[in-house]
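This report describes one protein chain for a reader who is meeting it here. Please consult the sequence and the structure shown below while reading.

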Amino acid sequence: KCSISLGSSFTPVTMLLIWIVSGLLVLVVALVLWVRFAARNVQHVDPGVLRDLKNVPQDTLFAILQPHIVPMETIRERGYGPLLEIVQLLIGVVPTCDMLLEI
């Protein structure tokens, strides 16, 4: 049996599980920090480009929402920046649908 200074004794299997869980926590924290700082130079589509699109079929939802597109800076100011960075990391593209979803 392995002993810890608190006077409690753990079996080797318990100690192994503690080490595995601790390692996973460290990896998760490292991943979150990396996502937070790695995607700082992300360039999003300018909402003006989406607002100025011509020849949009008028029988689509985009035609209705197009004048109300929310700028990406506003979305980041509302606290969604880290979530957008995680989405970009997971799917590999810059999410632009959020400018429409935020309406």
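## Burial and surface

Of the 103 residues in the chain, 20% are buried. The accessible surface amounts to about 7700 Å², and carbon and sulfur atoms account for 67% of that surface. The model is a predicted one, and the values that follow should be read accordingly.

## Confidence

The chain has a mean pLDDT of 78, with 78% of its residues at 70 or more. Confidence is highest in helix α1, residues 12–38, where the mean is 86. It is lowest in strand β1, residues 2–3, where the mean is 54. Where pLDDT is low, the predicted coordinates should not be read in detail.

## Overall architecture

Five helices and two strands form the secondary structure of the chain. Among contacts between residues at least 6 apart in sequence, 51% join residues at least 24 apart.

## The nonpolar core

The largest nonpolar core consists of seven residues: Leu50, Ile69, Val70, Met72, Ile75, Leu84 and Met99. Helix α4, residues 72–91, supplies the largest share of this core, with three residues. In soluble globular proteins, nonpolar side chains tend to be buried together.

Isoleucine 75 is one of the core residues. Apart from neighbours within four places in sequence, isoleucine 75 contacts Val70, Tyr80, Leu84, Asp98, Met99 and Glu102.

## Helix α4

The buried residues of α4 are Met72, Ile75, Gly81, Leu84 and Glu85.

## The loop between α3 and α4

Glutamine 66 lies in the loop between α3 and α4, and proline 67 is placed in that loop as well. Which of the two is buried, and which is exposed? Glutamine 66 is buried because its relative accessible area is 10%, under the 20% limit for burial. Proline 67 is exposed because its relative accessible area is 55%, over the 50% limit for exposure.

Setting aside neighbours within four places in sequence, glutamine 66 is in contact with Leu50, Arg51, Asp52, Leu53 and Val56. Proline 67 and leucine 100 are separated by 33 residues in sequence, while their C-alpha atoms are 10.0 Å apart in space.

## Asparagine 55

Asparagine 55 is found in the loop between α2, residues 47–51, and α3. With a relative accessible area of 78%, asparagine 55 is exposed. Its phi is near 60°, a positive value in a residue other than glycine. Most residues other than glycine have a negative phi.

Definitions and conventions
Residues are numbered from 1 along each chain as its sequence is written. This is a predicted model: local features need pLDDT of at least 70, side-chain atom pairs count only at pLDDT 80 or more; totals for chains, interfaces and linings use all residues. Side-chain values use heavy atoms; hydrogens and water are left out. A nonpolar core is a set of buried Ala, Val, Leu, Ile, Met, Phe, Trp, Tyr and Cys residues joined through side-chain atoms within 4.5 Å. Buried means under 20% relative accessible area, exposed over 50%, partly exposed in between (1.4 Å probe, protein chains only). Helices (H or I, at least four residues) and strands (E, at least two) are DSSP runs, numbered from the N terminus. Contact means heavy atoms within 4.5 Å. pLDDT is the predictor's confidence in each residue, from 0 to 100. Accessible areas come from the Shrake-Rupley method with a 1.4 Å probe; for residues, only the protein chains shown count as cover.
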